[in-house]
Amino acid sequence: MIDYNVTGAFLVGLMGAGHCIGMCGGLIGAFSSQLPKSRHQSQFVSQLRFMLSYNLGRILSYALAGALVGGSASALALLFDIDLYLITLRVIAGLMMIATGLYIAKIWSGVVQIERVGKYLWRFLSPLAKRILPIQTMPQAFVGGMLWGWLPCGLVYSTLTWAVAANSAQQGAMIMAAFGLGTLPALLSVGMAANLFGRWVQNRAVRLISGLILVLFGLQTLYIAIAQLR
């Protein structure tokens, strides 16, 4: 059985490549330019290892955030009418899924406005993230990825609402991990195959189809929530 939330989260990460590169491309470009030279491996292999370690830390942060909000939602369900509570969460998730689909299809970009929320958290994490620069070791790259995983991002916050609606720490972690894996091709391609991948995800037809698929996922989520009211 297809898990539309996990599939949708992966699609958001994959097709949100332009936003990801815009948000994190400069950061990753600066990060990769400061990586140490390896005496035992080609520069490409060495850079790829550091980038994978960095992105693994970033995806782990997403999964932890998903587990946190999904688990918190599950705990809060004990305090409220569980049926009405879950229906409300699904409605919110469905609406956010539709908004994200419209953003990817370049029809409406309102979803990125919620990035303002994360700026307050990033004020506390930013000084800590800067302390580990320049990155010289794999563990540093992993920790750096975990810290930068909290960089304010409208697509991340939108996907987190699906993790909340999942009402489960495990499912929330899966949704956010799928989102992170979806972003991997774009962020690994920075400085490698960014132009080729960027042209593909920016293709109008590709963006429109992907966005409309997400809108359909959102409508289905809303339909399920409304059907439970009957």
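Residues are numbered from 1 along each chain as its sequence is written, and side-chain values use heavy atoms, with hydrogens and water left out.

The average pLDDT, the predictor's confidence in each residue from 0 to 100, is 79 for the protein, and 77% of the residues score at least 70. Helices here are DSSP runs of H or I, at least four residues long, numbered from the N terminus. Where pLDDT is low, the predicted coordinates should not be read in detail.

I turn to the second largest pocket. Its lining consists of 15 residues, and Ala-65, Trp-150, Val-156, Tyr-157 and Leu-160 lie nearest its centre. Helix H3 (43-76) and helix H7 (154-166) are the elements that each give two or more residues to this lining. The largest share, five residues, comes from H3.

Finally, is Asn-167 buried or exposed? Asn-167 sits in the loop between H7 and H8. Its relative accessible area is 16%, so it counts as buried (under 20%; exposed is over 50%, partly exposed in between, with a 1.4 Å probe and protein chains only). Beyond its neighbours within four places in sequence, Asn-167 is in contact (heavy atoms within 4.5 Å) with Gly-70, Ala-73, Ser-74, Ala-77, Tyr-85 and Leu-86.

Note on methods:
Predicted model: local features only at pLDDT ≥ 70, side-chain atom pairs only at ≥ 80, totals over all residues. 1 Å grid on protein atoms, 1.4 Å probe; cavity = no way out; pocket = protein on both sides within 12 Å on 5 of 7 lines; lining within 4 Å.
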